[in-house]
Number of protein chains: 2
Amino acid sequence: LSDDSTNSLKPTLGIIGVGLIGGSIGLAARRRGFFGQILGAGRDRAALDRAKDLGCIDHGHTDLSNVARLADVLVFCTPVDCIASQILAAAGQCRPGTLITDAGSTKAQLVAEVEEHLPAHVVFIGSHPLAGSEKRGAEHARPDLFDNRLTIITHTASTTATAERRATEFWKSLGSRVARMSPERHDEALALTSHLPHLLAAALAGILPDQLRDFTANGFRDSTRIAAGDPSLWVPIFLQNRVGLCEATVGLQNRLIEFQKALLAADEGTLTRLLAEGKKVRDDLGS
Amino acid sequence: LSDDSTNSLKPTLGIIGVGLIGGSIGLAARRRGFFGQILGAGRDRAALDRAKDLGCIDHGHTDLSNVARLADVLVFCTPVDCIASQILAAAGQCRPGTLITDAGSTKAQLVAEVEEHLPAHVVFIGSHPLAGSEKRGAEHARPDLFDNRLTIITHTASTTATAERRATEFWKSLGSRVARMSPERHDEALALTSHLPHLLAAALAGILPDQLRDFTANGFRDSTRIAAGDPSLWVPIFLQNRVGLCEATVGLQNRLIEFQKALLAADEGTLTRLLAEGKKVRDDLGS
């Protein structure tokens with residue numbers, strides 16, 4: 001994990017928030033041969049014990065500082081509105097050279113808040129592994145969650161090459177591919193590829209009257225699957241990317257108006273083009 | 001299949017269009033103990049031979065009349081813009097009492113066209129099994145496609161109780177549940193539960209720029225899966241239900257505006273409510 005782990009013979013990975021993502025990081029690290037200790041931190045003792053039983057972590061602590069002071073790499077997998085303040089609270093406990101990163105779905109606000117106040121003896125790289133599901137909890141964690149997935153690491157004016165290399169190695173060691181971009185570019189891209197799909201799924205599910213539930217089939221289920229995600233995780237994501245998400249929604253609305261005009265005009269050619277454009281993109285994405 | 005099959009010792013099921021749905025009807029009938037012969041009709045000799053090899057049909061005919069004159073039940077699984085004219089072309093060849101039905105995704109226009117011209121010696125009930133996928137062809141047919149799914153059969157002023165009973169028994173014999181409603185009510189319901197999800201999936205996939213494809217994950221894939229459906233099947237569905245689909249789209253647009261207002265106002269309470277309403281519906285639908 002790091003060349004800087006001089007305090008002990010074994011490196012220590014600290015995972016803050018041992019749910020689906022945090023738990024999968026622990027499982028992936030272990031499966032891919034990480035030989036150090038894996039510590040988890042969280043508020044819920046029972047959840048930490050469950051994560052330990054599942055092999056996601058070696059030990060769980062309800063006091064974040066117990067993990068922070070031992071970790072060579074500290075990865076925050078908590079809701080996006082908690083990450084910045086938790087990082088800043090933990091950073092003072094960390095040993096010099098500790099790499100701090102996260103798995104939050106938004107980056108611009110979070111990275112700016114962290115970089116403004118972070119002490120100089122630790123390094124921080126914002127990260128976002130594009131993996132997950134509508135499920136929550138370490139019981140849904142999987143050692144292959146990051147296999148061949150893409151993790152975006154963010155790059156700002158204060159990012160050093162060494163920190164970037166260490167963050168890249170960390171995510172690659174879990175099976176992920178890595179790309180880097182600015183936090184702002186990340187949020188703009190994810191507004192369209194992740195946050196808008198979630199908004200649409202919730203909108204479509206939300207307007208279904210009770211009496212029509214029996215008339216849904218696989219198409220409706222697939223289209224709305226992610227609407228089952230926890231609102232307490234998604235509202236902070238929406239709020240941290242609210243302008244970008246609004247812009248992405250406008251783009252979708254313009255497309256809906258194209259469809260409506262074509263429907264009202266019974267314009268077979270335009271409908272065919274609109275559906276074919278969607279099919280081409282979807283076919284290219286694969287199953 | 002029918003008490004009226006007096007022309008031979010074994011009843012005959014005729015399937016027009018032996019693709020995913022038609023092929024699955026044949027497989028389901030056979031697996032559930034239908035002992036008569038299963039004839040398929042289609043334009044593509046190779047596709048019919050493949051369907052026969054897969055066990056979907058016993059014999060394939062490129063001439064619809066060869067199937068029509070032998071069938072006790074004749075089910076049309078062709079694109080919705082072909083069904084009415086094919087039924088009317090076949091009806092003259094049918095023996096008295098033949099039950100004609102279909103599997104089309106729209107009903108109002110199709111049922112009206114058929115009922116206006118149908119000869120009196122056959123009976124017709126419009127049907128729509130709420131099953132399928134974005135895939136095409138008998139190679140994707142499954143004997144359990146209709147298990148516990150709902151098939152809607154349509155009811156009009158000219159529908160007899162006997163015809164309704166026979167159509168109900170037919171779909172139940174394939175494993176399906178059956179509900180009945182007017183063709184107009186069907187189209188209104190399916191606009192929201194099937195046609196709008198398809199339009200949304202195509203719209204979302206269609207606005208994804210090439211350079212953002214690598215930043216999609218499972219959520220985008222699930223949400224857009226049905227966009228891979230064949231436009232040549234979906235454009236006729238959209239056209240036959242274009243007013244209902246436009247109305248459903250307006251309902252969705254209103255919901256999008258609620259989301260946008262809440263985003264712009266950073267209104268956490270409203271965002272939580274909107275996401276929670278979607279989650280409740282989706283959780284109730286099950287996986």
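Reader: Is A:Thr159 buried or exposed, and what is its relative accessible area?

Author: This is a predicted model, in which local features need pLDDT of at least 70 and side-chain atom pairs count only at pLDDT 80 or more, while totals for chains, interfaces and linings use all residues. Residues are numbered from 1 along each chain as its sequence is written, chains are lettered from A and ligands numbered from 1 in the order in which they are written, and side-chain values use heavy atoms, with hydrogens and water left out. Buried means under 20% relative accessible area, exposed over 50%, and partly exposed in between (1.4 Å probe, protein chains only). A:Thr159 is therefore buried, its relative accessible area being 15%.

Reader: Where is A:Thr159 placed, and which backbone nitrogen does its side chain reach?

Author: A:Thr159 lies in the loop between strand S8 (150-154) and helix H6 (161-173) of chain A; helices (H or I, at least four residues) and strands (E, at least two) are DSSP runs, numbered from the N terminus. Leaving aside neighbours within four places in sequence, A:Thr159 is in contact (heavy atoms within 4.5 Å) with A:Glu115, A:Ile125, A:Thr154 and A:Glu164. At 2.7 Å, its side chain reaches the backbone nitrogen of A:Thr156.

Reader: In chain B, what is the relative accessibility of B:Thr154?

Author: B:Thr154 belongs to strand S8 (residues 150-154) of chain B. Beyond four places in sequence, the residues in contact with B:Thr154 include B:Lys107, B:Val111, B:Met181 and B:Pro183. B:Thr154 counts as buried, because its relative accessibility is 2%.

Reader: Which strands does S2(B) pair with, and how many bridges join each pair?

Author: Two strands pair if DSSP finds at least two bridges between them. Strand S2 (residues 37-41) of chain B has 4 of its 5 residues buried, so the rest of the structure largely encloses it. B:Leu13 stands opposite B:Ile38 in S2(B), and B:Ala41 has B:His61 in S3(B) as its bridge partner. The parallel partners are strand S1 (residues 12-16), joined to S2(B) by 5 bridges, and strand S3 (residues 59-61), joined by 3 bridges.

Reader: What is the handedness of the β-α-β units that contain S2(B)?

Author: A crossover is right-handed if, with the strands pointing away from the viewer, the path from the first strand over the helix to the second runs clockwise. One unit consists of S1(B), helix H1 (residues 20-31) of chain B and S2(B), and is right-handed. The unit made of S2(B), H2(B) and S3(B) is likewise right-handed.

Reader: Which residue caps the N-terminal end of H2(B)?

Author: Helix H2 of chain B spans residues 45-53 and is followed by B:Gly55, whose phi is positive, near 85°. At the N-terminal end, a side-chain oxygen lies 3.0 Å from the backbone nitrogen of B:Ala46; the residue that supplies this oxygen is B:Asp44.

Reader: How many disulfides are there over all chains?

Author: A disulfide is a pair of cysteine sulfur atoms within 2.5 Å. A search of the whole structure finds none, the count being 0. For B:Cys77, the nearest cysteine sulfur, that of B:Cys56, is 11 Å away. For B:Cys94, the nearest is that of B:Cys77, 15 Å away, and B:Cys94 too is in no disulfide, leaving the total at 0.

Reader: What rotation superposes chain A on chain B?

Author: Copies are superposed by least squares on the C-alpha atoms of residues with pLDDT of at least 70 in both. The shift along the axis is 0.0 Å and the RMSD 0.0 Å, with a rotation of 180°. The two copies are thus related as by a two-fold rotation axis.

Note on methods: Polar contact = N/O pair within 3.5 Å; in protein donor to acceptor, adjacent residues only side chain to side chain.
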